[in-house]
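Dear colleague,

I am handing over the structure below for your attention.

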Amino acid sequence: MMKSIIHWLHSQPMRVKVLVFGIIMSTIPLLLISYYYYSNVKPDLEARIISKQELMLKNLTGEIEWEFNQIFQQAQFYSSIREKEDRRTIFYDLLLKNSSIEEVVITNESGKVEEKVSRYELNIPDTNERWFSDEMWVAFRSEDRIYGKVEFNQFGQPVMKIAVVYLENGSRNAVGITIQLQKIIGQISSLKQDNLSYIYLLDREGKVIAHQDYRRLWHQIPDVDNKEMLGVREKLTDLGWTIIMEQPKTTAYEPINEMFMKGLMVAVFVTLIVSLISIYAGLYFTAPIIVLDKEMRKLKAGYVVSPIILNRNDELGQLSQSFNEMSQELHEKSLRLKQEKERLDIVVNGIGAGLALVTKNFQVTWMNPLLEGWINKEEIKLPCYTLIGGMTTPCENCPITCPERNENADTIMRMQKGKREERLFRHRVFPLTHAIKGEGEYLLFIEDVTEEKQMEEKMIQTDKLSALGLMASSFAHEVNNPLATIHVYAEDLIERLEQSDDALDEDEMALYLRKIKENTDRCKRITENLLKFSRKSNWNVSHFDIKETIQNSISLVEYSLKKKKILLDVSIQKEMPCMVGDSIKLMQVLVNLINNSIDAINQEGTVSISAVQQNRRFVFKISDNGCGIPDQDMQKIFDPFFTTKPVGKGTGLGLSVCYGIVEEFGGTIMVESRIGKGTTVIVSIPAETRFKEDKQ
Amino acid sequence: MKTKWYLFLLTIMAISIVTYTYISNKDQKPLNIGIIMIGDSRYEKLIGLKKGMQELGYDDRSIKYSVKSGKDQEKTLASHIDDLINEKPALIVALGGIETLKLKEIMESQNIKIPVVFAGVAAPKEMGLIEDYRSPGGLFTGINNYHTSLSGKRLEIFHNLVPSISRFHILYDEEIKVSKLSLENVGAAAERLSLEIISWNVSDSNNFFSEMKNDIQANDAILVMPGFKLESLSKEIAQFSKENHIPVMGLYENETEDGILASYGTSYFDQGYQSARFVSSIIQGNSPADIPVEMPDNIRFIVNQKVKSELGIELNKDIIHLAELIHLNAEGKSQ
């Protein structure tokens with residue numbers, strides 16, 4: 001019940017809560033105070049009522065007893081008078097002094113009236129009039145004071161007879177007095193009582209002889225302690241009467257009940273006032289909130305809200321002002337956001353790259369239209385590495401699996417497009433700092449680099465062919481020399497065979513043939529080297545010997561070095577480990593760099609080639625003491641087609657291709673040059689190369 | 001905003017006033033008690049009633065008296081009673097027998113149920129006002145002033161007071177039932193006491209004084225019976241007594257004050273005072289049918305010494321002990 005009330009209260013608007021709060025705060029203290037006084041005043045009131053009743057009954061019993069005692073004393077006094085003539089006078093006096101006395105009689109020892117003075121009747125006794133009742137007559141013989149029962153006279157008036165016995169001439173006579181009780185009864189019956197309390201008088205037989213409720217007169221009252229009554233009783237010992245004052249508890253507590261009811265009325269009244277105040281306060285406080293809420297909803301729905309105008313300086317006034325400022329700012333920011341979104345949409349849609357949001361679970365939650373066009377929409381539920389790369393496991397260096405690497409996983413991936421076409425994509429992964437969980441914590445940036453890679457390949461091949469073209473005469477000279485040697489040995493051998501030279505024995509013939517073979521091998525090596533260099537190929541990763549690669553490279557430029565009488569200083573660290581990668585590509589770099597050094601030397605210079613392993617990197621240094629590179633050209637040396645060589649001497653692709661290849665190796669290329677002093681090119685390649693291109 | 005505040009405060013003030021008025025006026029209506037009397041001669045009863053009510057704890061705020069007086073005109077009494085009934089009092093106090101009988105007649109004819117307290121009626125049972133003294137059984141209750149039954153006793157006391165009297169002239173009103181009943185009572189007592197009585201009907205002739213004067217002898221006396229006409233003739237009777245040297249005994253103290261030798265009966269004041277008990281009992285919820293009719297609390301025997309001296313008569317010294325003696329001349333002046 002309580003829970004449902006609290007639940008109901010929680011669900012109510014604030015104005016109802018303020019109203020309920022006001023009512024509770026106003027009524028509960030009042031009710032508690034009223035209850036406290038009610039419970040404390042009740043016993044006190046009860047004690048006061050009892051005390052008041054006792055006091056009143058004591059007064060009443062005192063008055064009744066005093067009156068009867070007076071009559072008895074007077075009767076005793078008058079009984080002592082012996083003169084018959086004086087008696088009548090005295091009895092008249094008695095009637096005068098006590099208005100309750102109806103008659104006074106003298107009875108003889110037989111109980112018959114001898115003399116009578118009456119207030120209402122003639123003073124002539126009836127013949128043989130017996131005055132005593134049976135009970136009184138019994139008492140007459142033994143007691144001095146005799147009390148009769150409450151009786152009724154001929155007019156229905158309650159009367160009581162009393163008698164005082166005296167001895168005269170040895171016989172028991174009595175002065176009898178009939179007392180009217182109506183005054184006593186009337187006094188008790190008519191006494192005004194507050195709060196429905198009442199007094200009643202019981203005779204010695206328990207009959208009601210006076211009661212404020214006249215219907216109860218002359219009835220027997222059961223002697224039962226009524227718990228519903230507050231009452232006291234006093235006994236009139238001589239008369240045997242009991243006087244009782246009672247008040248129903250319901251009426252006794254009426255003042256405090258009334259007080260409690262008034263308290264309740266006040267509580268209701270206060271509640272009414274507090275309710276009005278609470279309603280007013282509720283409306284006063286909640287009306288601006290309702291307006292704010294309404295405007296907030298409009299704002300939330302995207303409508304333009306009008307400013308809230310509240311002419312108040314309190315917190316709500318400040319809140320409305322803040323709301324106005326906020327809505328204005330929000331409106332402006334929304335506009336900016338729309339602008340930004342428009343730009344972003346243009347960028348995202350026009351960037352030419354695929355964008356996707358990926359969760360930590362590799363689920364793609366969003367793709368830009370371009371990416372959507374690249375992939376099959378039915379596969380969108382697949383993990384990103386399957387969807388994009390067609391792999392079964394995440395990429396090795398993916399930031400999602402290895403966030404500590406702090407890299408973007410700049411990896412080239414192959415993706416099948418159509419049945420035959422295979423495309424190359426470079427994808428990078430950027431962790432989003434303010435991402436919403438589950439909506440994609442990473443941004444995938446995917447570029448189609450197929451054309452770029454093809455162009456790079458073409459550039460490399462062009463550069464290679466260009467180098468081959470430039471080195472063609474060198475190759476001819478290189479091949480020509482062994483061929484000439486072969487020619488000489490072959491002609492000599494033929495002449496000696498034709499001359500049947502006896503000196504030409506088998507040993508000498510074998511020598512001739514070995515020379516021919518050696519030069520043929522040399523030619524073959526040169527041509528093979530040339531063929532290998534000139535072959536168009538993709539990346540072929542293998543373990544290769546650095547020294548051999550350097551030697552092969554040198555063999556291609558050997559003639560040029562000799563031609564310009566350039567001294568070649570080769571320094572290769574002993575026990576160099578094998579390198580992983582494409583040896584032809586490295587050879588192309590070395591050839592390009594050595595050619596550049598040869599070109600930088602006019603005559604008789606020195607070209608140094610060194611190869612060392614430092615800090616898990618292979619460092620190749622090619623230096624010359626040539627003309628050097630001007631500072632103004634240093635910025636452009638890696639630009640494609642930039643060359644300072646005369647036309648026909650270079651394409652301007654050499655260093656650009658070198659840069660591209662070294663980058664593919666994951667390494668760096670650095671050029672230091674001083675005009676007139678020479679140039680040093682340092683190529684540093686990691687020993688554990690991770691290639692950007694997927695070689696699989 | 002100012003208008004709202006104004007309306008708000010106005011509402012609270014209105015509710016406060018209504019609630020306060022409701023709470024404070026809840027029990028403040030005074031009880032309306034109607035009083036009917038034949039003439040201003042009964043005014044002493046009203047004073048006694050008010051005194052009795054005060055002593056029983058009723059103040060002027062709790063009781064409102066609507067008093068109607070017939071100005072001693074029996075014919076106008078009915079209209080005054082009608083006026084009183086129209087005021088719808090909680091109860092009516094009739095200050096005499098004639099008023100009570102008229103009231104009963106009108107209430108019965110109009111079927112009106114208002115409790116009535118009669119403040120002194122002689123022989124109410126015989127008059128048909130009540131069924132029984134102990135249980136009146138109707139709407140009427142009050143005081144039997146006992147003047148009818150007391151008539152024989154008054155004859156005895158008068159005779160005891162002036163033993164020399166040989167004949168008693170009884171003044172009664174043939175048109176008043178109480179008066180006739182009282183005469184019967186006196187007749188019975190005279191027989192027991194062996195006294196001679198001569199009755200005179202005051203309603204029979206306008207000149208009964210002159211007729212009675214012609215019949216008066218030495219040692220004659222006049223005994224006045226109850227009846228409002230006779231009560232209103234007290235001064236004329238006193239004058240007659242003085243002129244003819246004839247002792248008179250009446251009922252009320254005011255008659256002795258008017259110059260009559262003696263009176264024996266209950267006083268107007270006492271009857272009014274005693275009737276307050278009945279009024280209180282009815283206010284407290286009792287039905288008049290349940291409240292027994294009471295006899296007078298006090299019967300006063302008053303002797304005017306001045307008149308006694310003027311008459312030159314001797315009084316019995318025994319009975320004089322029962323009497324209250326006053327010293328007023330016929331003009332009511334103390335000497």
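In what follows, two residues are said to be in contact if their C-beta atoms, placed from the backbone, lie within 7 Å. Please note that the model is predicted.

An α-helix has 3.6 residues a turn, so residues three or four places apart point the same way.

After α9(B) comes B:His245, which lies in the loop between α9 and β9 of chain B. B:His245 is not a glycine, yet its phi is positive, about 50°. Most residues other than glycine have a negative phi. Is B:His245 buried, partly exposed or exposed? Since 13 other C-beta atoms lie within 10 Å, B:His245 counts as partly exposed.

A:Phe362 has a phi near 70°, a positive value in a residue other than glycine. A:Phe362 is placed in the loop between β10 (353–358) and β11 (364–367) of chain A. It is likewise partly exposed, and 18 other C-beta atoms are found within 10 Å of A:Phe362.

Turning to chain A as a whole, there are 17 helices and 21 strands. Chain A has 696 residues, of which 29% count as buried. Of its contacts between residues at least 6 apart in sequence, 57% join residues at least 24 apart.

One part of chain A that deserves a description is an open sheet of five strands, in the order β16-β18-β19-β21-β20, with mixed pairing. β16 (567–572) and β20 (668–674) of chain A are at the edges; each has a single partner strand, so one side of each is left without a neighbour in the sheet. From one strand to the next, the twist averages 10°. The partner of β16(A) is strand β18 (residues 606–614) of chain A, to which it is joined by six bridges, the two running parallel. Within this pair, A:Asp569 has A:Ser608 of β18(A) as its bridge partner.

Which strands of the sheet does α14(A) touch? This helix packs on the sheet against β16, β18 and β19 (617–624) of chain A, and its direction makes about 180° with that of β16(A). Helix α17 (residues 654–665) of chain A, for its part, lies across β20 and β21 (678–686) of chain A and runs at about 140° to β20(A).

Helix α14 (residues 546–563) of chain A also meets helix α12 (residues 472–498) of chain A, where the axes come within 8 Å and cross at roughly 95°. This angle makes α12(A) roughly perpendicular to α14(A). The residues that meet are A:Ser474, A:His477 and A:Glu478 in α12(A) and A:Glu558, A:Tyr559 and A:Ser560 in α14(A). By class, this contact has one nonpolar, three polar and two charged residues.

Helix α13 (residues 506–534) of chain A packs with α14(A) as well, at an angle of about 105° and with the axes 10 Å apart. These two helices are therefore roughly perpendicular to each other. Their contact is made by A:Ile526, A:Asn529 and A:Phe533 of α13(A) together with A:Asn552, A:Ser555 and A:Leu556 of α14(A). The residues of this contact divide into three nonpolar, three polar and no charged.

Finally, I come to the meeting of the two chains. Here 40 residues of chain B are in contact with 36 residues of chain A. On the side of chain B that touches chain A, the elements giving two or more residues are α1 (2–24), α5 (150–161), α6 (177–193) and α11 (268–283) of chain B. Which element gives the most to this side of chain B? That is α1(B), with six residues. By class, the residues on this side of chain B are 18 nonpolar, 12 polar and 10 charged.

With kind regards

Conventions. Residues are numbered from 1 along each chain as its sequence is written. Chains are lettered from A and ligands numbered from 1 in the order in which they are written. This is a predicted model: local features need pLDDT of at least 70, side-chain atom pairs count only at pLDDT 80 or more; totals for chains, interfaces and linings use all residues. Helices (H or I, at least four residues) and strands (E, at least two) are DSSP runs, numbered from the N terminus. A residue is buried if 20 or more other C-beta atoms lie within 10 Å of its own, exposed if 12 or fewer, and partly exposed in between; C-beta atoms are placed from the backbone. Axes are lines fitted to C-alpha atoms, for helices over the stretch in contact, and angles run from 0 to 180 degrees between N-to-C directions. Angles under 35 degrees count as roughly parallel, over 145 as roughly antiparallel, 65 to 115 as roughly perpendicular and the rest as oblique. Ala, Val, Leu, Ile, Met, Phe, Trp, Tyr, Cys and Pro count as nonpolar, Asp, Glu, Lys and Arg as charged, and the others, Gly among them, as polar. Two strands pair if DSSP finds at least two bridges between them.
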